[in-house]
Amino acid sequence: MRALPTTDPRSLMRQADIHCAFCNGAYNQLGSTNKLQVHFSWLFLPWHRWYLYFHERILAHLIGDPKFSLVYWNWDNQANVGGNIMPAMFNQQGSALYDAKRNQNHLPPVLNTLALSDLGNTNLTNEQIIQDNLNVMYQSVVTASTPDLFMGKKYSAGDPEPNIGGTLENAPHTAIHAWTGSDKETYLEDMGNFYSAARDPIFYAHHSNVDRLWAVWNTIGGRRRDHTDPDFLNAQFLFYDECGDMVRVRVEDALDNSKLGVSYLKVNGDKLWLNFEPQPLSATTTTTTTTTTDVTPKSIDEIPELGPSSPGKSATNVDKKLVSLAKRPTVIPQELLDKGLAQEDLEEVLVLEDVQVPRNVASHIAVFINLPDADANTPLSIAEYVGSFINVPHFAGEGMDMSMRSVIVRFGIKDNLRRLGITDPSTITVTIVAKLGGSESVPISVKGIKIEYE
């Protein structure tokens, strides 16, 4: 693929440009002036599955081996030291798999961090990184008990730029991008920026694991199943096939991996995070080191309630952290009752509304409940941690805001509430910690915090 001329759509550079084009507002949607974006919504997983499918077919065709298959980098595997380091096969200079624009501080045997948890604390032990990673996976996959939470919310033809991605995309997926990209490059190129990420061959091994984790999520049960909305099933994309011809595909045709000839070997390491048991901070041997006492309330009576977002409401700066009260819902919406859902089937969802983050800066917010003194050094392995949102730098198409992007961040907290023994209290505390950013040069703000049933 590297040897092909760039005029060939199967060349590595042209393949990388496909990802760039679909991610940075390069094209308007058909019949609309709104830009096309395949991140931050329910399109994220199926678009990338099709992208991998054709990438693999092109490679197989070029080397004349129809049985060729891509590898997956199982960065979620915390069993010993295995998947949770940068694979050696991608780190051999002179190899077609090598990319010089990678973080040289993260080469083997350095363990990856699945929520950039080393940004606040550079002295993490390998054991703490592993425990943090296990809970990041548990919160991002297992507690994401509905399609909206795990896959992202609806994005239909004609809609503006989507802003509600799923938990898998928001945390471990984006963390690996930022962790792998070079800290010597302005925008963390190659892997650390959407426009350049697919120039690094490790991108395809990374996303093969994202696709594998989607398949694992579908096996957990409960309400964990793919979206069934016709707008989702009938969404269409264009790709180049192994002959260099443009083809049109639908989301629905990618939902059954077996029809694409794709299967994944079972990974024993999955059991570690699938069955992880995060404990309340008070029950662990690890203690939090509070470095931001100046913004930590002395009692719950001093904690304000930010409340839901509303028109004209001003945003509140997160700075290093933001602590707010949040009321738990007391009434089940009729639309959920009409679906035949019993209360035990419902998920309680914490929603951060209109979170403003810099578009071209890697930033990370970690979110805790009932832990107002949490800070950048608080471990992510505890039951109070509900999840993260990580922004990967990316550019914007003409007419889009180049400086900031607004997102809605959602976490399923039913499991966390159970583990913390919270049954009756009508109000909980929510702490948003800025792991990177939260300064004058990297502003992060939020307009509303609420909890709802889903």
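A salt bridge joins the side chains of Arg57 and Glu242, with 2.6 Å from N to O. This pair connects distant parts of the chain, since Arg57 belongs to helix 2 while Glu242 sits in the loop between strand 1 (236-240) and strand 2 (246-250), 185 residues apart. Arg57 is partly exposed at 34% relative accessibility, whereas Glu242 is buried at 14%. The model is predicted, and a search of the whole structure gives 22 salt bridges. Side chains of opposite charge can pair when their charged atoms come close.

Another salt bridge is formed by Arg359 and Glu161, whose closest N and O atoms are 3.2 Å apart. Arg359 is in the loop between strand 5 (348-358) and strand 6 (363-369), and Glu161 is in the loop between helix 4 (147-151) and helix 5 (167-180), so the pair ties together parts 198 residues apart in sequence. Arg359 is buried, with a relative accessible area of 2%; Glu161 is partly exposed, at 28%.

Arg328 and Glu348 also meet through their side chains in a salt bridge, at 2.7 Å from N to O. Arg328 lies in the loop between strand 4 (321-327) and helix 9 (334-338) and Glu348 in strand 5, so this pair ties together parts that are 20 residues apart in sequence. Arg328 is buried at 16%, and Glu348 is buried at 6%. Salt bridges with shared partners join Glu353, Arg410, Lys450, Glu452 and Glu454 into one network.

Leu36 is found in the loop between helix 1 (12-23) and helix 2 (44-63). Leu36 is partly exposed, with a relative accessible area of 22%. Beyond its neighbours within four places in sequence, its contacts include Phe22, Tyr27 and Tyr155.

Key:
Residues are numbered from 1 along each chain as its sequence is written. This is a predicted model: local features need pLDDT of at least 70, side-chain atom pairs count only at pLDDT 80 or more; totals for chains, interfaces and linings use all residues. Side-chain values use heavy atoms; hydrogens and water are left out. Helices (H or I, at least four residues) and strands (E, at least two) are DSSP runs, numbered from the N terminus. Buried means under 20% relative accessible area, exposed over 50%, partly exposed in between (1.4 Å probe, protein chains only). Contact means heavy atoms within 4.5 Å. A salt bridge is a side-chain nitrogen of Lys or Arg within 4 Å of a carboxyl oxygen of Asp or Glu.
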